[in-house]
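Hi everyone, thanks for making time this morning. Please take a look at the structure on the screen, and then I'll walk you through a few places in it.

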Amino acid sequence: MTLVGDLLAAQTAHFAGLDPLLPPAAGPVRGDAVSAALPDGGRVAGMVEFTEYPPGSANRLWSAARVWELVPVLGASGRAGMDALLRAWQHRMAGQADFDPDSACVLNWPSRDVAATRALLDHGLVPLSVLAVRERLGSTAPSPGPLTVRRARLADLDAAVELSMLELAYSALVGSAVIRPDAAALKREALANRLRAGDPVWLAEHDGVPVGLAECGWTDSGPRTAAAARLPHGRWGYVNCVSVLPGARGSGVGQLLMAAAHAEFATAGVAGSYLYFNPPNPLSSVFWARQGYRPLWTMWEIRPAGALR
Ligand SMILES: CC(C)(COP(=O)(O)OP(=O)(O)OC[C@H]1O[C@@H](n2cnc3c(N)ncnc32)[C@H](O)[C@@H]1OP(=O)(O)O)[C@@H](O)C(=O)NCCC(=O)NCCS
């Protein structure tokens, strides 16, 4: 086997020991190769892929415009391997010296690899987002009251956009989201597409007035799908955006919305459901854990890209 082949096999075994829900380690496919030597004579490798999202693209709502992503191939070298590769990456980035605030270095790594976490923190990276999963579980029956939940329709687009912009405003304070000038138009287009596609989008109402939104969809993880690098094979429920009006938070609206979404996921026979949340979000970090979600992958990030150390 090649160096990368050996490292990938060792990394897959390492991942399996860390967390049973991690898929086999996927080899990096594109980018500039970076590698480093370890004190014990071993080597680690990785690929750095640069992406610039064009103005007007939806990716700019949750990402910096210019992103360098490192895909590490560390085998089972843990903290020492991550540290060595981050040093090599930092050396490479110093040549580019991008201090534009709309630039970032990012890296996805299994949340439970806390030895690697130490190295990532030491190099200045911040755990800004977590991909959290919930294995197929039952859902609690919603309690009756003035709150009701129903599937959203195209006629609800204005209310859905308003709620999703409130979520963006909150998330922009606690994570990687950015409020771009065209944010409302991009949200409107994405929500309209979801509603037209018949994706599960739920609206909570209090006496008929919209107070909450759960915008969900479906993701298939299988051979040659992008999701296979993150999730075990199978169909997954995806929770894209949950938002409750500020004055209605903490009164059970989110719980009721998720009871409806989880019931539909269960009926569809999904392997589980997943979402992204920001650990510094004081509301969602607690809410999602109570809803049965736990970290699988952490997205580490530093802005500007040139601040990597
Ligand atoms: C995160 C968010 C969607 C959660 O929705 P929510 O309606 O505030 O959450 P809920 O009220 O359903 O649940 C929160 C807690 O309030 C409790 N609660 C339920 N009914 C309640 C009531 N009548 N009075 C007080 N608390 C109540 C819930 O039980 C839950 O606590 P528990 O799990 O310990 O029981 C919402 O706070 C929000 O929109 N936040 C800003 C945007 C955001 O962070 N979105 C998620 C991005 S990933």
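This is a predicted model: local features need pLDDT of at least 70, side-chain atom pairs count only at pLDDT 80 or more; totals for chains, interfaces and linings use all residues.

Residues are numbered from 1 along each chain as its sequence is written, and side-chain values use heavy atoms, with hydrogens and water left out.

So, the ligand. Which residues are closest to the ligand? They are Gly-250, Gly-252, Gly-254, Gln-255 and Asn-281, out of 19 residues that surround the ligand (a residue counts as near if one of its heavy atoms lies within 4 Å). By class, that shell holds eight nonpolar, eight polar and three charged residues. Here Ala, Val, Leu, Ile, Met, Phe, Trp, Tyr, Cys and Pro are nonpolar, Asp, Glu, Lys and Arg are charged, and the others, Gly among them, are polar.

In terms of elements, α4 (157-174), β9 (234-244), α6 and α7 (284-290) each supply at least two residues of the shell, and α7 gives the most, with four. Helices (H or I, at least four residues) and strands (E, at least two) are DSSP runs, numbered from the N terminus.

Now the backbone. A backbone N or O atom of Gly-250 lies 2.5 Å from a ligand nitrogen. For Ser-251, a backbone N or O atom is 3.1 Å from a ligand oxygen, and for Gln-255 the distance to a ligand oxygen is 2.7 Å, again from a backbone N or O atom. The protein covers 71% of the 920 Å² of accessible area that the ligand has on its own (Shrake-Rupley method, 1.4 Å probe).

Next, the cavities. How many of 30 Å³ or more does a search of the whole structure find? It finds two. A cavity is a set of points, on a 1 Å grid over the protein atoms alone, where a 1.4 Å probe fits but cannot get out, and lining residues have an atom within 4 Å of a point. Points are joined across faces, edges and corners, and the volume is the space filled by probe spheres set on them.

The largest cavity has a volume of about 50 Å³, and its lining includes Arg-134, His-262 and Phe-265. Both α6 (253-268) and β10 (272-277) give two or more residues to that lining, with α6 giving the most, three.

Finally, some single residues. Is Arg-180 buried or exposed? Arg-180 is buried, at 13% relative accessible area (buried means under 20%, exposed over 50%, partly exposed in between, with a 1.4 Å probe and protein chains only). Its side chain joins that of Asp-102 in a polar contact of 2.7 Å, meaning a pair of N or O atoms within 3.5 Å; within protein, one must be able to donate a hydrogen and the other to accept it, and residues adjacent in sequence count only if both atoms are side-chain atoms.

Most residues other than glycine have a negative phi, and most peptide bonds are trans. Asp-207, though, has a positive phi near 50 degrees, and Asp-207 is exposed at 60%. Arg-224 has a positive phi of about 65 degrees and is exposed too, at 83%. Lastly, a cis peptide bond joins Arg-303 and Pro-304, with omega about -10 degrees.

Definitions and conventions. On a 1 Å grid over the protein atoms alone, a cavity is a set of points where a 1.4 Å probe fits but cannot get out, and a pocket is an open set with protein on both sides within 12 Å along at least five of seven lines; lining residues have an atom within 4 Å of a point.
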